[in-house]
Amino acid sequence: MAVTIRSLTGEEIEAAIPALAALRIAVFAEWPYLYDGDLAYEEGYLREFAAAPDAVLVAAMDGERIIGAATASPMAAQKEEFRRPFEERSLATQDMFYFGESVLLPEYRGQGIGHAFFDHREAQASKCGAQTACFAAVVRPADHPDRPADYRPLDAFWQARGYEKVPGFETGLAWKDHRDAAETEKLMQYWMRTL
Ligand SMILES: CC(C)(COP(=O)(O)OP(=O)(O)OC[C@H]1O[C@@H](n2cnc3c(N)ncnc32)[C@H](O)[C@@H]1OP(=O)(O)O)[C@@H](O)C(=O)NCCC(=O)NCCS
């Protein structure tokens, strides 16, 4: 069955939250996230995200099943740690959109769904009057023991979509890796483009 892409907003997002939470845990368990996720925490995080005005959840569906998703919402609605690199430089965030994540089950990759996720999120950002879009990607040491030998970084894809790393714009985000006993803070590098 062909995959369809739908942008969900407002109350439509609520119904998709349990599926999206499970998807995040499954996809982010892998490199480079290695995230030991918790369903209850995920659902709470996603509810907070969905409550932001103009938030969008782009869902990839195989029939009725959500097999991938991407999120976006205004930067001004993000948590302090995501706004920090901009606010500490007194940069206005009201014209910026923040892209939260793209997660797609491995068997559906390489068919252009990742491009569709960007197309839909950029369309929502533009529709809501944003001038720029950004996201933050985890930075792992090159010699990390869990790095798969055949891993292809997404940097070339992001650059082809018009995004560039913003030097010095970084934040810290804590989560528990599968191999660890407690949360550790990860370095998150910002990427941005003008819309
Ligand atoms: C990011 C993700 C959603 C992209 O999905 P996708 O549907 O495979 O992407 P597309 O098919 O649209 O391909 C996008 C580009 O990435 C490239 N690409 C394809 N497979 C790739 C791979 N395994 N690794 C790196 N890049 C890859 C393609 O060459 C393509 O570029 P092209 O247009 O020049 O051909 C998917 O890889 C994923 O879920 N990854 C794990 C989670 C993650 O890292 N998310 C990003 C940060 S939140």
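**Figure 1. Burial and overall fold of the chain.** Of the 195 residues in this chain, 28% are buried. The model shown here is a predicted one. Its secondary structure amounts to 5 helices and 7 strands, and reading from the N terminus the elements follow the order β-α-α-β-β-α-β-α-β-α-β-β. The C-alpha trace extends about 45 × 40 × 35 Å along its principal axes. A compact globule of 195 residues would have a radius of gyration near 16 Å, and the chain agrees with this, at 16 Å. If you look at contacts with a separation of 6 or more, 69% of them join residues 24 or more positions apart.

**Figure 2. The largest nonpolar core.** In soluble globular proteins, nonpolar side chains tend to be buried together. Here the largest nonpolar core holds 37 residues, and the members touching the most others are Leu57, Ala69, Phe97 and Tyr98. Two or more residues each come from the helices α1 (11-28), α2 (39-51) and α4 (113-127), and likewise from the strands β2 (56-62), β3 (65-74), β4 (96-104), β5 (132-139) and β7 (184-194). The top contributor to this core is β4, which gives 6 residues.

**Figure 3. A closer look at Leu57.** Which residues is Leu57 in contact with, once its neighbours within four places in sequence are left aside? They are Leu8, Ile13, Ala16, Leu20, Ala69 and Thr71.

**Figure 4. The shell around the ligand.** The ligand is surrounded by 16 residues, and the closest of these are Arg109, Ile113, Gly114, Arg152 and Phe157. At least two shell residues come from each of β4, α4 and α5. Of these elements, β4 supplies the largest share, with 4 residues. Sorted by class, the shell contains 7 nonpolar, 6 polar and 3 charged residues.

Figure 5. Arg140 sits in the loop that links β5 to α5 (155-160). Is Arg140 buried, exposed or partly exposed? Arg140 is partly exposed because 16 other C-beta atoms lie within 10 Å, whereas a buried residue would need 20 or more. Beyond its neighbours within four places in sequence, Arg140 is in contact with Pro32 and Arg147. To Ala156, 16 residues away along the chain, the C-alpha separation from Arg140 is 17 Å.

Methods
Residues are numbered from 1 along each chain as its sequence is written. This is a predicted model: local features need pLDDT of at least 70, side-chain atom pairs count only at pLDDT 80 or more; totals for chains, interfaces and linings use all residues. A nonpolar core is a set of buried Ala, Val, Leu, Ile, Met, Phe, Trp, Tyr and Cys residues joined through C-beta atoms within 7 Å. A residue is buried if 20 or more other C-beta atoms lie within 10 Å of its own, exposed if 12 or fewer, and partly exposed in between; C-beta atoms are placed from the backbone. Two residues are in contact if their C-beta atoms, placed from the backbone, lie within 7 Å. The radius of gyration is taken over C-alpha atoms; the globule rule is 2.2 Å times the number of residues to the power 0.38. A residue is near a molecule or strand if its C-beta atom, placed from the backbone, lies within 6 Å of it. Ala, Val, Leu, Ile, Met, Phe, Trp, Tyr, Cys and Pro count as nonpolar, Asp, Glu, Lys and Arg as charged, and the others, Gly among them, as polar.
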